[in-house]
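Subject: Handover of a structure and findings

Dear colleague,

Please find the structure below, together with its sequence. The notes that follow set out what was found in it.

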Amino acid sequence: MSQQGPILVVSTARRPSFAATLDLARLFPVVETEWADAARAVEQVQPAAVLAATSDTDEAGLAELAARVAARQPYLPLISVDPQVPHPDNVIPFFQTQGLQTQGGSSDRLVARLRAALRVRSLHATVMRRLEPATPMALSHIDPARDATVLLIGRGGAYPTLSVTLGERTGVVGALSIEAAAKHLNIRDIDGIVLGEGFSPRVIDAFLTVLTEDARFRNLPVVVTAGDPARAYDLPNLEVVSDDVVQVVATALPLIRQHAFEAHLSRTLKAIDADGLIDARTGLLTREAFERDFASSIYQTQQRGGGLSVARFAFDPEHPRAQFDGARIISRLMRQMDFGAAQEDGSVVVVFAETDLKTAHTIARRLSSVMRHTSHGNRDERSEPAVTVATLLPNDSAKSLRSRLQEEAHRAAS
């Protein structure tokens, strides 16, 4: 990856030790400034990333720098080294003194963390360049409670507290075993992992090794709260923290938010490649594209014969996050021949091409069964939807089939 600009290092008058790490990694030019001049330096230097030695600053100074960084476009990573004060959500924490022996040393970890953040910046710049018409898109638009999902793994006494505390800030998928966690990783879009207590060092090592070896998961934020990992892992966003719930959430949330932003940018690029027919938030079709494809599919099926069925997944309207999670799961698991869209009434409608009613029921039940065990916001609500299915009849139009689907849904609800 080519260097995108200077790295701004903010510290007291004494040069921090991690600045030499940037020199050794050939991440240059490195521009150093003191805290009093940090906000002005962001405007003058126009850095690609900011690394701040925050062990000797106050909360107000860090908040001022974070606000100035957040206003920059494209995404400007701000990494706080050894933070001692509460930090805003756009500040990525990095602890030099935790897990040094087990994670390959703080120098390697810092460079890996920085390179991962710079890849997000590069992706954001690409989206901004290709998006027409130009539309504002920033990390601040990502609300973890609405857009991100964290996988919480554990079975110890801290698990309920972690679940509630994380659930107040983001979506949470719980797993009491590593096997259950592996299933969630394969069928859901996960933006971070919190690995709690209840597992042996050997099990933790095996799990982290699998994450390291799979390119899909290598950049996921991973926060380990119980014990030290057994060795070094190629996981740039891995942190080892104490079993203090407040510190776990403060460490995990900025990394989770950054990953959710990266995932949103990737979906936006896919939407651009599809000429705007895909909804970047859900990965399904936009409503307008869905209605056109729906009418066309009905016409073609009636002309050449065959089957076509439609399923409606109705979610609790008081919990819009449930519809979002369900839509993302459907977009990931549905067959390539099928298509769907999130609807204004809080449901998701999916068209199963070349599918009879019995097969459609089977597919819909399988999709629905995956949409369980996700909490939304600060409530422990399950996201399993009410499902209705209808199949195309010889004299059906798109309007009549949708109407019959709605009637089936009303009958099922009554």
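Throughout this message, contact means heavy atoms within 4.5 Å. The model is predicted, so local features need pLDDT of at least 70 and side-chain atom pairs count only at pLDDT 80 or more, while totals for chains, interfaces and linings use all residues. Residues are numbered from 1 along each chain as its sequence is written, and side-chain values use heavy atoms, with hydrogens and water left out.

The nonpolar cores

Leaving aside neighbours within four places in sequence, Leu114 is in contact with Ile7, Leu22, Leu27, Ala49, Leu51 and Ile79. A residue is called buried under 20% relative accessible area, exposed over 50% and partly exposed in between (1.4 Å probe, protein chains only). A nonpolar core is a set of buried Ala, Val, Leu, Ile, Met, Phe, Trp, Tyr and Cys residues joined through side-chain atoms within 4.5 Å. The largest such core has 47 residues, and those with the most contacts inside it are Leu22, Leu51, Leu114, Val194 and Phe261. Helix H9 supplies the largest share of this core, 11 residues. Another core, of 23 residues, lies apart from it and includes Ala175, Ile190, Leu211 and Tyr233.

Helices and strands are DSSP runs numbered from the N terminus (helices: H or I, at least four residues; strands: E, at least two). Leu110 is found in helix H4, residues 106-130. With 2% relative accessibility, Leu110 counts as buried. Its contacts, apart from neighbours within four places in sequence, are Phe18, Leu51, Ile79 and Phe94.

Helices with a buried face

In helix H2 (residues 38-45), the residues Ala38, Ala39, Ala41 and Val42 are buried. Seen down the axis of H2, these residues fall within an arc of 165°, so they line one face of the helix; the arc is that of the directions from the helix axis to the C-beta atoms. Among the elements that cover them are strand E1 (7-11), strand E2 (30-34), strand E3 (49-53) and helix H3 (59-70).

Helix H6 (residues 159-167) has Tyr159, Leu162, Leu166 and Gly167 as its buried residues. They fall within an arc of 120° when seen down the axis of H6, so they line one face of the helix. These residues pack against strand E6 (149-153), strand E7 (171-175), strand E8 (192-195) and helix H9 (245-273).

In helix H7, the buried residues are Ile178, Ala181, His184 and Leu185. Their arc around the axis is only 115°, which puts them on the same side of H7. Glu179 and Lys183 are exposed, on the face of H7 turned away from its buried side. The cover over the buried residues of H7 includes E6, E7, E8, helix H8 (201-213) and H11.

The packing of H7 and H11

Helix H7 (residues 178-187) and helix H11 (residues 320-333) pack at an angle of about 80°, with their axes 9 Å apart. Axes are lines fitted to C-alpha atoms, for helices over the stretch in contact, and angles run from 0 to 180 degrees between N-to-C directions. The angle makes H7 roughly perpendicular to H11 (under 35 degrees counts as roughly parallel, over 145 as roughly antiparallel, 65 to 115 as roughly perpendicular and the rest as oblique). Leu185, Asn186 and Ile187 of H7 meet Ile329, Arg332 and Leu333 of H11 in this contact. Four of the contact residues are nonpolar, one is polar and one is charged; Ala, Val, Leu, Ile, Met, Phe, Trp, Tyr, Cys and Pro count as nonpolar, Asp, Glu, Lys and Arg as charged, and the others, Gly among them, as polar.

Backbone features

Most residues other than glycine have a negative phi, and most peptide bonds are trans. Gln46, in the loop between H2 and E3, has a positive phi of about 50° although it is not a glycine. Asp275 also has a positive phi, near 60°, and lies in the loop between H9 and helix H10 (287-304). With a relative accessible area of 70%, Asp275 is exposed.

A cis peptide bond joins Gln73 and Pro74, with omega about 0°. Pro74 is placed in the loop between H3 and strand E4 (78-81). Glu132 and Pro133 are also joined by a cis peptide bond, with omega about -5°. The loop between H4 and helix H5 (144-147) holds Pro133.

Yours sincerely
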